[in-house]
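Please keep the sequence and the model in view while reading.

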Amino acid sequence: MKKFSIEQQDKDLIGTSAFIRYHLFFDRAPQHILRVEMEIDKITHETITLVMPAWMPGSYKIREMVAHQGNVVITTNDGKLLQWHWTSKNRIEVQLYGATSIRLSYTYFANERGVRTSHVNRFHAYLMPVACLMYAEGREDEIHHLYFHHNRTNWKTLTSSLSPVKSNFEEDEPIILGALNYDIVADSPIDIGNHSVRKFDVFGKKHELAIMGNQDVDIEWLANEVKRIVEVECAFWGDLPYDRYIFMLLVGEGQRGGLEHARCNVSAVEPSAFSDKATAQGMLTLLVHEYFHTWNIKRIRPNELGPFDYSKENYSRMLWLAEGVTSYYDDYLTYRCGFLSKDEYLQTISQQHLARLERVPGRFAMSVRDSSYLAWVKLYSLSPDMNNRFPSYYLKGGIIAMMLDLYIIAQSNGTKRLEDGMKMLWELYKTRPEHGVTEEEVITAIEFATGIKVRSILFDWLDGTTELPYNEIFAPFGLTWGVKKEVQDTDTFGDGRFFASKNKSVFIGLSLKEEQGKVLVREVEDGTPAEVAGLGIDDEILCVNTKRVSSVNSFQQLISAVGAGNTALITALCDGTLYETTVIPKEVVNKSLMYVQDISNDQRRLLNFWLSLM
Ligand SMILES: [Zn+2]
């Protein structure tokens, strides 16, 4: 079996040479073209196979990255054309006829901006190697070098977790970065251009913050917050597993999401992420999340996720660990960093997690483990019907991780927590970094570290499709999840007529979108008045009670005016044909996480243990 390691320190590459070398040219950058020349020496077989990956670690979807490749030419290193042919859409077989080295050249159209795609233009190049650099099958474990042939007067800065092969490069020679194997090449995004970078040390390890995209960002402020994140996560795990680490932040319109790597992460946010407190908190939570993956998933990883095959799906039922546990700790550690107050943290659990899952009927249709296994065709193939069919292993997995933590704290009477289990998994990794973990090993580590039996309760939650027992788990902490008793809220004026000071919101279970002046149904939630009324995704809503619906807002106002329990006549179009139906709005039920009345000392003690800032 192929060896697997994503561990590399910069010192490992100094003075190395490589029999596999990528030369990267940017003379066609204005047309978004990257030119690649890949040289491979010491070929001992009659044929060699070159493969373009079909997915990337951390993003579980088959992607046609090879579609952007063109102008393939394969010669010997002295320019003699070789015979080759495609054996599948992303696989090339080359006949050597006695030659021992080849040169493969191709173009790659890099015009997709995001954390997982390459983007080249006259001002910069962001390269995602796994999406544009082929690998030589059977040679993945060798040292690979990348030569960057860009004009260093125009593009002054190069940021990457790949390691320089010498300490200084002359002005007229390309910068050469290296990786101990192809897995590390694949895992190391590169940005070249004139982006801003801040460098700082934390606990003797080098860190960089790079801001990509031409947006004004207060990099000094952000570098300080990032330092705090590093300190808090280092305190969580016990040590920093690298010599150098880069936070790459892409700021741009329409940008979102993140992708974790062994020695860096790339996170993407809208420019508005810096405009108010809540969105800034969201951005910091994203950075906490991606950085947490440095340990959980890049190193502590499901067995199936390293080594793996880049050309096909690699199924895992354990994304509840990789993404669920990380989703729980991203908010929790954001709180520990001091970016959220205690009340804001509880409010986040309440509204961003528990209340959101209430709006996912799919939690009754599929378990979290199955949702993880089918990520390749479910979570990553966004469908407007998805919330009805399965729960996200991020959302429900994160809630289960929180409940597991609370269960351990309560059962150990405030002496142990899930964190102890995670630390044990980290210790296990350090003894055998080439191995991933099985679910059995995860359970054993948690039970051993905490002394609490979690197997049956955890599998009930992970495999179950019934409602999670929130209040059983919250009770020892003096918390409860339920409907807030609303105080009657009315005003009078004029002749003493009563007015609700705010219109009571009503619920029918659909969401809408506006497209080309039309108001269209985006989602219909199963088991709601909208479903009963027979409204369907993509139907165009024309009128409510014969009043014209001109926008999503006007629909909401018209439905609110109908009031809960009353009947509204909806006029709509399906497939261009008019129909009428009636819908009976319900009163909105707002659940929230609340303190119980008369919280006991024991409850307060456990709550304080859970939310102690260490
Ligand atoms: Zn993640």
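How many bridges join β12 to strand β15? The model is predicted, and in it 4 bridges link β12 to β15 (residues 190–193), the two strands running antiparallel.

## The sheet

Strands β12 and β15 belong to an open sheet of 4 strands, ordered β8-β9-β15-β12, with antiparallel pairing. At its edges are β8 (119–121) and β12 (157–160), each of which pairs on one side only. Neighbouring strands of the sheet are turned against each other by 10° on average, direction ignored.

In general, strands of a sheet pair through backbone hydrogen bonds, either parallel or antiparallel.

## Domains and cores

The protein is divided into domain 1 (10–194), domain 2 (315–481) and domain 3 (491–587). Between the C-alpha centres of domain 1 and domain 2 the distance is 38 Å.

The largest nonpolar core has 152 residues, and those with the most contacts inside it are L34, C132, M248, L287, I400 and M403. Helix α9 (residues 395–411) gives the most to this core, contributing 12 residues. Domain 1 and domain 2 each supply at least three residues to the core. A second, separate core of 19 residues includes I508, V544, A572 and V583.

Leaving aside residues up to four places away in sequence, C132 touches L34, M65, Y108, A110, S118 and L127.

## Packing of two helices

Helix α5 (residues 319–337) packs with α9 at an angle of about 70°, their axes being 7 Å apart. The angle therefore makes α5 roughly perpendicular to α9. On the α5 side the contact involves L319, W320, E323, G324, V325, S327 and Y328, while α9 provides G397, G398, I400, A401 and M402.

## Backbone exceptions

Most residues other than glycine have a negative phi, and most peptide bonds are trans. The peptide bond from G306 to P307 is cis, with omega near 0°; P307 is in the loop between α4 (277–292) and α5.

Is I297 buried or exposed? I297, found in the loop between α4 and α5, has a positive phi of about 115° although it is not a glycine. I297 counts as buried because it has 23 C-beta neighbours inside 10 Å.

Y97 also has a positive phi, near 45°, and its place is in the loop between β6 (91–95) and β7 (102–109). Y97 is exposed, with 11 other C-beta atoms within 10 Å.

Technical notes:
Residues numbered from 1 in each chain as written. Predicted model: local features only at pLDDT ≥ 70, side-chain atom pairs only at ≥ 80, totals over all residues. Pairing = 2+ DSSP bridges. Axes fitted to C-alpha atoms, helices over the stretch in contact; angles between N-to-C directions. Core = buried A, V, L, I, M, F, W, Y, C linked by C-beta atoms within 7 Å. Buried ≥ 20, exposed ≤ 12 C-beta atoms within 10 Å, placed from the backbone. Domains from an automatic or database assignment. Contact = placed C-beta atoms within 7 Å. Parallel < 35°, antiparallel > 145°, perpendicular 65-115°, else oblique.
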